[in-house]
Protein chains: 2
Amino acid sequence: MDKLQNDKCCAIMTAALDLVAVQGFHATPISQIAKQAGVGVGSIYRYFADKDELIHAIHERLDGRLFQALSVGIDASQPAHDQFVQLLINLSGHLINNPLEFKFLEQYFNSPYGIEKMREKFLEEGGSSCETEKPFLNILFNSKGKIIKTLPKPMIHALAFGPVIFMVRDHLAGLIELDAPLIQQLAESCWDAIKI
Amino acid sequence: MDKLQNDKCCAIMTAALDLVAVQGFHATPISQIAKQAGVGVGSIYRYFADKDELIHAIHERLDGRLFQALSVGIDASQPAHDQFVQLLINLSGHLINNPLEFKFLEQYFNSPYGIEKMREKFLEEGGSSCETEKPFLNILFNSKGKIIKTLPKPMIHALAFGPVIFMVRDHLAGLIELDAPLIQQLAESCWDAIKI
DNA sequence: TAAAGCGGAATGAACGTTCATTCCGGTGGG
DNA sequence: CCCACCGGAATGAACGTTCATTCCGCTTTA
């Protein structure tokens, strides 16, 4: 389904994103998506084979946007530390500014839908082809001197991204106000975890 | 429902845990739970008002077990660093040895069921009454000298637990083999993130 | 230019399935 | 014999999906 240029298709995906992010996959009937999108139920099946395909298409879209957002302002000529901090700032900023996308992605990866996708991404292309991971890995593994601990990639990944995901979740739950200085401190702390 | 002493009640909860952890809440019919537990469908409604109550009861049980597992071998007279490392070892060990419990809890907290529970716990009792958080906070905030960064509690929480949760997930997905030495390194890295 | 015709997009009522919940006939211990 | 408990068929609501029908904009024709 590459009909992203289509207005109606776009409206369906947007409506589904909004509703699913709040209610969850199974609690969001097709009929409700249709109503919110301002289309007939049947029209949804003109663009997507079934509900699953709709969900996957939304994920694909969000993944692309996330990848773009992460790349902003990252300059390969700068020190790895600076690039890393900028990356985490981009990540937390994007997720906070697009809470529905965050909630959707969280649900997606904690469901049978996403688990398999994740496996594929990690295992197939040499263990590091997850789109949202690419720039990050380049930053840390392409630098000349040894500046980060010698640990398996998934562990670096967990140390760098895990806390950010947690903090964004807390922020969206209203448990803490995650502002710029705090994000900066968060990024520096994650750096402390992986630097030698 | 405090009928944990009841055999049949226990069988129902265990069966539900196993199935829900693998299939998800909505993909697990009551009828299947009944079959696996070796009881009739109607009997489930003798012990639990509805499906939701069953889910919540299971969560309650797992929460208690987790709390117990975290406390093992933690000695308040030892240095904060050692207590902290032990705590993370306990946490990762428990989750890895009880993958179904981990999967259940992950689903629980990423669903409308758990979100509200989490809010309650954090906000009601002065912001730190989450059972699984109690021993941890004591370790870090009750020590005499300043040994960890001055950061909001949720952030310390995220830096300490976020990576562990991520790693356990990767381990259970088969992306990495999380053995004792690796867990040790993980714990030390988390310590690096929060220590001054 | 106006009217008629055409084709694909859109629609939503209807269908079959699945599920949580109820209910009642059976059963075993006292 | 009685009663408290149990099981699983019965129930009705809700869902995803389908498809006969409608709608609409464009083309063709007079």
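**Stop 1: the surface near DNA strand C**

Select the residues near DNA strand C and colour by class: six are nonpolar, five polar and four charged. Here Ala, Val, Leu, Ile, Met, Phe, Trp, Tyr, Cys and Pro count as nonpolar, Asp, Glu, Lys and Arg as charged, and the others, Gly among them, as polar. "Near" puts the C-beta atom, placed from the backbone, within 6 Å of the strand. This is a predicted model; local features need pLDDT of at least 70, side-chain atom pairs count only at pLDDT 80 or more, and totals for chains, interfaces and linings use all residues. Residues are numbered from 1 along each chain as its sequence is written, while chains are lettered from A and ligands numbered from 1 in the order in which they are written.

In total, 15 residues surround DNA strand C. Zoom to the closest: A:Gly40, A:Gly42, A:Ser43, B:Pro29 and B:Gly42. Now show helices. H3 (41-47) of chain A, plus H2 (30-37) and H3 (41-47) of chain B, each supply at least two residues. H3(A) gives the most, with four residues. Helices (H or I, at least four residues) are DSSP runs, numbered from the N terminus.

**Stop 2: the surface near DNA strand D**

Switch to DNA strand D, which 15 residues surround. The closest are A:Pro29, A:Gly42, A:Asp50, B:Gly40 and B:Gly42. Two or more residues come from each of H2 (30-37) and H3 of chain A and H3 of chain B. H3(B) gives the most, with four residues. By class, this surface has six nonpolar, five polar and four charged residues.

**Stop 3: where the chains meet**

Select the contact between the chains: 34 residues from chain A and 34 residues from chain B. Two residues are in contact if their C-beta atoms, placed from the backbone, lie within 7 Å. On the chain A side, H6 (99-109), H7 (112-124), H9 (153-172) and H10 (180-194) each supply at least two residues. H9(A) has the largest share, 10 residues. That side has 21 nonpolar, eight polar and five charged residues.

What share of the interface residues of chain A are also interface residues in chain B? It is 100%, so the copies meet through the same surface.

**Stop 4**

**Stop 5: B:Gly93**

Finish in helix H5 (residues 80-97) of chain B, at B:Gly93. B:Gly93 is partly exposed, because 17 other C-beta atoms lie within 10 Å; buried takes 20 or more, exposed 12 or fewer, with C-beta atoms placed from the backbone. Draw a C-alpha to C-alpha distance to B:Gly38: 31 Å in space, 55 residues apart in sequence.
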